[in-house]
Amino acid sequence: KNRRCVQEMEFEVDDYTANWLKFGYIGGIVTTTILSIFLIHCLIKYHKLYIRASVVAPDESLRWVHILSIAYFVSGVIACSVYLALRGRMSSFEFTLSRCQAGYTSSVLLYATHRILFYIVALQHIRVTFLHYDKFKYQTPLFLCLYWMLSIISTLYCIFWIVSQRHSLWFVVSNESQTFSFCTVVDHDSNSNQSVHVWRVFLMMVEISFKLFLLYLFWTRLFKIYDTLARIEEHYQPISAQNGDMRVLHSTEDEKEDSDDDKIYRHSVKHQDLLRLCEVTKKRTILLFFAVSSTFVYYMFAAIRFEGATLLNFDVMINALCAWLMLTFSQRYWICCTRFGCCCCCYITQNLDDFLSQSI
């Protein structure tokens, strides 16, 4: 290893560290490309649905989901681009102190903004999904509380940034062939280094807990919808096939009280709407589960090993893919995932029924 220090910067030649950082840098290039594709697709669909279309009045709730999603993808493209432009270089470029400071500070703040926007998009999806169903929708105070929690997470990001700046030393690592170099920050004070690590782990735990709670909100409503559909199949039966009259068979007083709240007949418009709601809720629950799992794996490795921190851009890519598939105009791509992708295991019964119906 060759090491030299210039003012507050330390330069080192280390193939192992440089290769891991290069792996994360390449992940940033791939993520930037994918986010750009998602952004262009969202802009085209938004223009087609809300700007060019003048006959049908757009749904304002869905419109805000699309606007926030566009902002989310824009923040991701900017964050990854700054990360690539200021913190790494596929050459033996000589870094300066101002470049390292600007690259690290801006990338930390931009990635934090990107994550906060993901939570806002997920909250908007939760609100819009159950907005027109009084039996399933969440009340406004819950969303106010969740947005307040987001402000706390933003504050924690700022505290972490301030703490990480104290007693820091800028560290530029490159490989022996001088084909890649990357700038990061290290802490030469052991006490300060420990406090930064504690703040990082605490922030990770807060974020994972918040994401799990968002998943819980979708999860509980999904099972409540399943329960409602099961009761419809059990208690509402046709007794006259000639005139198509649908009536209710009550076996207990409790069942009668439940049915009086909101009578939904099989194959009725409300029943079809409930089935569509079930599909949308299931889809967004699965996607949010993938997003939570990706962030959990990234945080787990990043908290234990240095190599785990290089997985940041891959976590951003998976979260962006989940956010894009949650949108209504990505439905055909989602159907492809449920039939041929990694989500087919959650739709194995439905795929089998479709296959048998087509065979017959």
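Which residue caps the N-terminal end of H1? In this predicted model, the cap is Asp14, with a side-chain oxygen 3.3 Å from the backbone nitrogen of Tyr16.

**The chain as a whole**

The chain contains 10 helices and seven strands. Of its 360 residues, 43% are buried. Its accessible surface comes to about 19200 Å², and carbon and sulfur atoms account for 64% of that area. Among contacts with a separation of 6 or more, 75% are between residues 24 or more positions apart.

Helix H1 covers residues 15–51, which is 37 residues. From its first C-alpha to its last, H1 reaches 52 Å, close to the 54 Å expected at 1.5 Å a residue. Thr32 is one of the residues in this helix. Thr32 has a relative accessibility of 12%, so it counts as buried, the cut-off being under 20%. The side chain of Thr32 reaches the backbone oxygen of Gly28 at 2.7 Å. Leaving aside residues up to four places away in sequence, Thr32 touches Cys80, Ser81 and Leu84.

Helix H2 spans residues 60–87 and includes Trp64. Trp64 is partly exposed, with a relative accessible area of 48%. Trp64 and Val121 are 57 residues apart along the chain, and their C-alpha atoms are separated by 9.1 Å.

Helix H8 is made of residues 312–325, and its end C-alpha atoms are 20 Å apart, in agreement with the 20 Å that 14 residues should span at 1.5 Å a residue. Is H8 largely enclosed by the rest of the structure or largely exposed? It is largely enclosed, because 11 of its 14 residues are buried. Among the buried residues of H8 are Leu312, Asn313, Asp315, Met317, Cys322 and Trp324.

**Aromatic rings**

A pair of aromatic rings is described by the distance of the centres and the angle of the planes. The count of aromatic pairs in this model comes to 21. Two of the pairs are described here.

The rings of Phe130 and Phe218 have centres 6.1 Å apart and planes at 55°, so this pair is tilted. Phe130 lies in the loop between helix H3 (97–129) and helix H4 (140–165), while Phe218 lies in helix H5 (residues 190–235), so the pair ties together parts that are 88 residues apart in sequence.

In the pair Phe223 and Tyr226, the ring centres are 6.4 Å apart and the planes are at 80°, so the pair is edge-to-face. Both residues lie in helix H5, three residues apart, which is about one turn of the helix.

The table gives the accessibility of the residues in these pairs.

| Residue | Relative accessibility | Class |
|---|---|---|
| Phe130 | 0% | buried |
| Phe218 | 0% | buried |
| Phe223 | 46% | partly exposed |
| Tyr226 | 33% | partly exposed |

Which residues form one aromatic cluster? They are Phe38, Tyr72, Phe73, Phe118, Tyr119, Phe210, Trp324 and Tyr333. Trp324 is also among the buried residues of H8.

The charged end of Arg221 sits over the ring of Tyr138, at 4.0 Å from the ring centre.

Note on methods: Residues are numbered from 1 along each chain as its sequence is written. This is a predicted model: local features need pLDDT of at least 70, side-chain atom pairs count only at pLDDT 80 or more; totals for chains, interfaces and linings use all residues. Side-chain values use heavy atoms; hydrogens and water are left out. Helices (H or I, at least four residues) and strands (E, at least two) are DSSP runs, numbered from the N terminus. The expected span of a helix is 1.5 Å times one less than its number of residues. A polar contact is a pair of N or O atoms within 3.5 Å; within protein, one must be able to donate a hydrogen and the other to accept it, and residues adjacent in sequence count only if both atoms are side-chain atoms. Rings of Phe, Tyr and Trp (its six-membered ring) pair if their centres lie within 6.5 Å; planes under 30 degrees apart count as stacked, over 60 as edge-to-face and the rest as tilted. Buried means under 20% relative accessible area, exposed over 50%, partly exposed in between (1.4 Å probe, protein chains only). A charge sits over a ring if NZ of Lys or CZ of Arg is within 6 Å of the ring centre and within 35 degrees of the ring normal. Contact means heavy atoms within 4.5 Å. Accessible areas come from the Shrake-Rupley method with a 1.4 Å probe; for residues, only the protein chains shown count as cover.
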